[in-house]
Structures are given as structure tokens and as C-alpha cells.
Amino acid sequence: MPDTSHAANRASSARRRADFKALGPFIALAALIVLGAVVNPVFLTPGNLINVLTRTAFTGVIAIGGTFIITTGGIDLSVGALAAFVSGVMIIVMNALTPEGLPPLMVVLLGTLTVMVIGALAGLVNGLLITRGRIEPFIVTLGTMGIFRSLVTYLADGGTLSLNSQIRSFYRPVYYSGVLGITYPIIVFALVSVIGAIVLYRTRYGRYVTATGANEEVARYSAIHVDRIKLAAYALQGLCVGLAVFLYVPRLGSASATTGLGWELEAIAAVIIGGTLMKGGSGRIWGTVSGAIILASIDNILNLTGAISVYLNSAIQGCIIIVAVLVQRDAKSRP
Amino acid sequence: MKFSIGLAALAVGMMIAAAPAGAADKKVLGVSIPSATHGWAGGLNWHAQQAKIALEKKYPDLSIALVTAGDATRQANDLEDLVQVRKIDALVILPFESAPLTEPVRQVKNAGKWITIVDRGLTDPSIQDLYVAGNNPQMGANSANFMVKKMGGKGNIVILRGIPTVIDNQRFDAFMDIVKKTDIKVLDSKYANWNRDDGFKVMQDFLSRFPKIDAVWAQDDDITLGVIEAVKQAGREKDLFILGGAGMKEMVKRVMDKDVLVPADVLYPPKMIADAMELTAKHMMENAPLEKQYIVDATLVTPENAKQFYYPDSPF
């Protein structure tokens with residue numbers, strides 16, 4: 001029986017402190033929604049909100065996995081490139097299976113299975129290099145980022161991989177349709193968030209993840225298999241990327257070297273805006289969810305107004321991100 | 001330690017001695033282009049490789065050294081390698097950016113090499129022996145003229161721009177100069193970074209924001225693909241048309257098939273790299289006389305002429 005009381009104590013006291021801070025991202029999101037409504041009332045129309053949330057789903061799902069990794073004190077820069085690579089593989093696999101006379105549902109299921117397996121394997125490779133290879137996560141995933149990015153360029157022959165139109169029309173509703181007007185990507189994002197929250201807050205694995213990030217040495221002395229915890233986190237991240245790709249491919253039915261460009265930064269930003277500590281030891285799933293929505297809403301609001309010069313778009317984005325985190329600091333410093 | 005340094009020196013010495021001996025009987029044409037980081041550049045790489053195969057077959061005494069770079073600094077390093085190691089006689093280059101590559105290319109010129117510049121001009125045009133380029137202002141102007149004519153000089157349009165660069169500004173300014181003189185109202189313009197996903201997002205937001213859009217100037221075919229999906233999702237295919245640009249095979253195909261959503265396309269062909277290589281090789285091997293400039297027209301692709309611009313094997 002591993003004695004984790006010390007690490008668990010640390011983790012729970014960290015959580016109590018973080019409870020105040022946890023409100024920060026929601027305050028920031030609420031403020032942004034008000035801003036959006038003021039800028040253009042169209043912002044609050046159901047159609048627009050559904051659009052924004054559906055777009056959020058890819059980086060949102062990836063960011064849930066990222067929350068686990070960052071909570072262990074690690075980082076994964078390869079997720080955007082991995083998403084592009086598995087999108088490419090998924091399209092190639094589904095295009096190859098189509099002439100075999102399989103029903104479209106089978107083709108999509110096999111394609112999805114492929115993405116999930118490759119995603120998880122890629123995550124495992126990252127994890128093994130980090131834990132067995134004893135290389136810094138930043139360097140490992142910087143390396144695999146380059147590898148995945150050039151693999152998709154290679155697969156696409158420098159151009160674009162496009163999904164066979166027959167499968168495309170069958171698969172398209174996965175992005176565009178849903179239940180009672182709520183699109184499937186939003187539903188999947190919500191489910192992944194709930195599962196992520198349960199795993200991080202209510203399971204032993206979640207407590208070990210937090211303990212590992214809070215103090216790796218202490219966690220190791222408490223008989224936590226730190227390497228296994230980390231390995232699982234990277235594999236989980238790979239699975240999340242696979243799931244995001246499952247939702248992304250039906251949108252445009254194509255993958256190219258520009259697919260998923262910058263998703264890693266967006267996912268990491270969502271996690272940090274959400275209040276997860278960059279140095280590890282404290283993860284906030286719901287914070288990450290609002291962080292991801294904040295980032296997607298900024299883009300949306302800027303597109304809904306002609307008042308700001310397009311040349312300043314990135315500056316406005318930068319300001320809002322910094323303000324969102326400042327709001328958290330204020331919330332944290334309150335007693 | 002000393003031993004290994006000695007070995008390295010020996011190896012370097014052998015390489016230096018060997019290189020001119022191998023290259024003496026063949027003329028070498030160096031080609032430096034950006035790597036395939038987006039659709040258009042992918043087409044550029046494909047056409048360059050096709051031209052390399054065709055030209056080396058046509059001229060057995062010509063060897064072509066094709067290098068690709070991911071950014072301006074690496075491209076400058078490539079130039080040094082091409083001159084020092086590959087011993088090129090002429091250089092065809094599509095500069096990543098104009099200003100940072102002007103001096104590195106001047107060095108190559110000073111080493112006595114022929115210089116062909118493609119697409120993006122250097123800040124000092126006196127360096128180049130030959131300039132091959134698409135016509136960005138003409139592309140904007142042709143797009144505007146087509147839209148004005150098709151819309152009967154009035155209506156609402158939105159514009160999706162590329163990446164903030166000189167190329168994008170030239171297209172946009174030339175387009176606006178013509179549209180300003182008509183009753184066409186530009187509702188707004190936003191950057192979509194020559195990228196499908198951004199085209200999709202920006203267009204979704206334009207559709208939420210403006211209830212009446214009569215036409216979209218996407219000015220790039222990758223952006224157009226994203227725009228098409230957003231328009232389909234909103235169910236507004238019947239209300240508007242989209243004009244892209246570049247000459248992507250999917251778009252040329254749509255024009256050929258008389259798609260009402262994409263009635264035309266304006267060329268900005270990545271094939272210009274192949275033209276530049278061919279002209280330069282012809283000059284090197286046959287001493288063919290050349291004009292100083294060779295501007296590829298931004299031709300309007302319509303169902304009538306689409307066939308001649310359709311390359312089904314190209315990745316772009």
C-alpha cells in the first residue's frame with residue numbers, strides 16, 4: 001500500500017488555495033461574453049454560439065489532455081503536428097478502404113480506430129522518450145512536432161490530402177449535425193471534460209498526477225510510479241488528439257501541412273488561462289474548458305466587428321489573454 | 001582528438017578537391033525555393049521537381065540542384081552551399097522574403113553567377129538578370145473586373161485577405177481601386193492567412209454578421225475551400241458566388257464543370273517556377289537571348305478556357 005498521505009496533503013491544500021483562483025477564468029469568460037454582446041448583438045445568437053463552441057471542440061479536447069500533462073509538470077508541443085499527421089493518415093486509410101466495397105459506416109469506424117491507435121501510440125512514444133530516455137518534455141515534443149509535421153507534408157506530397165467525396169458526405173454530419181441543435185463536437189467536448197474532471201479530481205490516478213507535478217521526488221518516495229503516471233498522461237494526450245481529429249476531418253475533409261498549425265500553443269494557452277499551474281501540481285479541468293472558449297470567442301468577436309483594424313488583431317488577442325490571467329491573480333489574492 | 005581533427009581536415013580537403021572535378025563537365029543550375037508549407041508552395045515544389053526531371057533529360061550536360069528552405073535565414077545558408085559546394089553556374093530563386101535575401105543573392109551575383117528571381121522581387125532589382133513573376137496587381141484588378149461585371153456594378157461583398165504581406169496588399173489595393181468606383185459595398189475584409197480552416201472560420205462569422213452577402217472575394221483557392229463549407233453549412237449557396245485565385249486543380253475543375261458557386265478563378269500559377277527554370281536552362285545551354293522580365297498573366301479562368309489550366313496530377 002503506497003503511503004501517499006504527504007503528497008495527497010500537499011495536493012489537497014493546494015486545491016483549497018486554488019478554489020478562489022478557480023473563479024478567475026469564469027469571470028474572464030463572463031466579461032468577454034458581455035464584451036461580445038456589446039460589440040455586436042449577433043454574438044449571442046444561438047447560431048453564432050454554436051459555431052464558436054463547435055470550433056472550440058478540437059483545441060478544447062486536446063487541452064483537456066494537456067491539463068493532465070501540464071499538471072504532471074510536463075508539456076506537449078507536438079499535439080498540433082500530431083493532429084495534422086493523424087488527419088492525413090485517417091484520410092489515406094479511409095480513401096484506401098472505400099473501393100473495397102465496405103459500408104461507409106465501417107470505413108469511418110476503421111478510420112477512427114486507426115486515428116485513436118496512432119494517436120495513443122504517438123503519445124506513448126513521447127512518454128517513453130521522456131521517462132525512459134530522460135529527456136526534457138520540451139525537447140522531446142519539439143522534436144516529434146517537427147517529425148509529425150514533415151510526415152504529413154510528405155504524405156500529402158506537399159499539397160493537400162482530400163477525403164473521397166462519397167465517404168465525405170456520409171461522415172460530414174459528425175461535425176455539422178447534432179442533437180437538438182447542439183452539434184456532436186460540442187457534446188463530445190462536454191463528455192470529455194466531465195470524464196477528465198472525474199479522473200483528475202475523483203480517482204487515484206488523478207491524485208497521483210497532481211502529486212507527481214507538485215513534487216516528483218516526494219511522490220516517488222511515496223511509492224508512486226511516477227514514470228507510469230507520466231507515460232499514461234502522454235498516451236492520454238495522444239488519445240485526445242485522435243478524438244479531436246475524429247471531429248476535425250469531417251469539417252473540411254482535408255489535411256495539409258497547415259492543418260492544426262498553432263493548436264499546441266492554443267491548447268497550452270487554454271490550460272494556463274484556466275488556472276492550471278505551468279510548473280505542475282495543480283490542474284483545473286473546468287478552467288481549461290473556459291480558457292478554450294475564451295480563446296475561440298476572441299477570434300469570433302474580432303470577426304464580428306469592423307471597428308478594429310485587422311492589422312491589430314493579434315495585439316487585441318494578446319491583451320485579452322493577459323487580462324484574463326490578471327483577473328485570476330486578483331481573484332486569487334482575495335482572502 | 002588531434003587525430004580526428006586531422007581526419008576531418010583530410011575529408012574536407014578531399015571534398016574540395018573532388019567537387020570541381022565532378023562538376024567540370026556539367027553545368028549546374030541551382031534552384032532555391034520555400035518548402036511546401038501551404039498548398040500553393042506545394043504546387044511550386046511539384047512543378048519544380050517536374051521541371052528538373054524534364055530539363056535534365058532534355059540537356060544531358062545540365063545538372064539541377066534543387067533545395068528547399070523553411071525560412072529566410074535557412075534559404076540564405078542554402079545559397080552559400082549552392083555556390084561553395086555545388087559550384088552552380090546559375091541560380092533560380094524564389095526569395096522567402098524580399099529584404100533579408102537581397103544581400104545573400106548579391107553575393108551570389110558577385111561570384112559571377114546568373115541570377116533569375118521568381119515571384120518576390122529583391123529590394124535592388126539591378127541584381128537580377130531575369131525576373132519571372134505573377135502579376136499581383138493584375139490579379140486584384142481582374143478579380144474586381146469580373147465581380148463588377150457579374151454583379152452588374154452593385155451589391156454587397158466581403159473580402160477574405162491572405163497573410164499581411166506586399167503580395168496581399170498589391171492584390172487588395174488594385175481590387176479596391178476598381179470596386180470603389182462602383183456601387184458595390186465592401187461590408188468588411190479580414191485576414192484568412194491563405195488557409196482553409198481560417199477561411200472557414202472567418203466566413204462563418206461573416207455569415208452570422210451580414211444577412212445579405214451577394215459575393216465573396218476569397219482571392220485564394222485554399223481560403224475558397226473553407227468558404228464553400230461555411231456557405232453550405234449556412235445554406236446560402238443560392239444567394240452568393242465566390243471568386244478565389246491561384247489555379248488549384250479542384251477549383252479549375254469546378255469552373256470547368258460550370259459550378260454556379262465558383263463561376264471563375266484567377267490564375268497565379270505555381271508553374272511559374274518551371275517557366276523560370278526552363279528559360280534559364282535554355283539560356284545556359286543554348287545561349288538563347290532573353291527579355292529582362294517575364295510576367296505571367298493573371299488570366300481569368302472561365303468554363304471556356306479552364307481545360308488548359310487543369311493539372312490533375314499536381315498536388316495543388
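Chain B falls into domain 1 (2-133 + 270-295) and domain 2 (136-266), with bounds from an automatic or database domain assignment. The C-alpha centres of these two domains of chain B lie 35 Å apart.

This is a predicted model: local features need pLDDT of at least 70, side-chain atom pairs count only at pLDDT 80 or more, and totals for chains, interfaces and linings use all residues. Residues are numbered from 1 along each chain as its sequence is written, while chains are lettered from A and ligands numbered from 1 in the order in which they are written.

**Sheet of chain B**

Four parallel strands form an open sheet in the order β7-β6-β8-β9 (chain B). Strands are DSSP runs of E, at least two residues; helices are runs of H or I, at least four; both are numbered from the N terminus. Two strands pair if DSSP finds at least two bridges between them. β7 (183-191) and β9 (241-243) of chain B are the edge strands, each with a single partner, so one side of each has no neighbour in the sheet. Neighbouring strands are turned by 20 degrees against each other on average, direction ignored. Three bridges join β6 (154-161) to β8 (215-217) of chain B. Ile157(B) stands opposite Ala215(B) in β8(B).

| Helix | Strands touched | Angle |
|---|---|---|
| α8 (221-234) of chain B | β6, β8 and β9 of chain B | about 165 degrees with β9(B) |

Axes are lines fitted to C-alpha atoms, for helices over the stretch in contact; angles run from 0 to 180 degrees between N-to-C directions.

**Contact between chains**

The contact takes 27 residues from chain A and 28 residues from chain B; contact means C-beta atoms, placed from the backbone, within 7 Å. On the chain A side, α3(A) gives the largest share, four residues.

Note on methods
Two residues are in contact if their C-beta atoms, placed from the backbone, lie within 7 Å.
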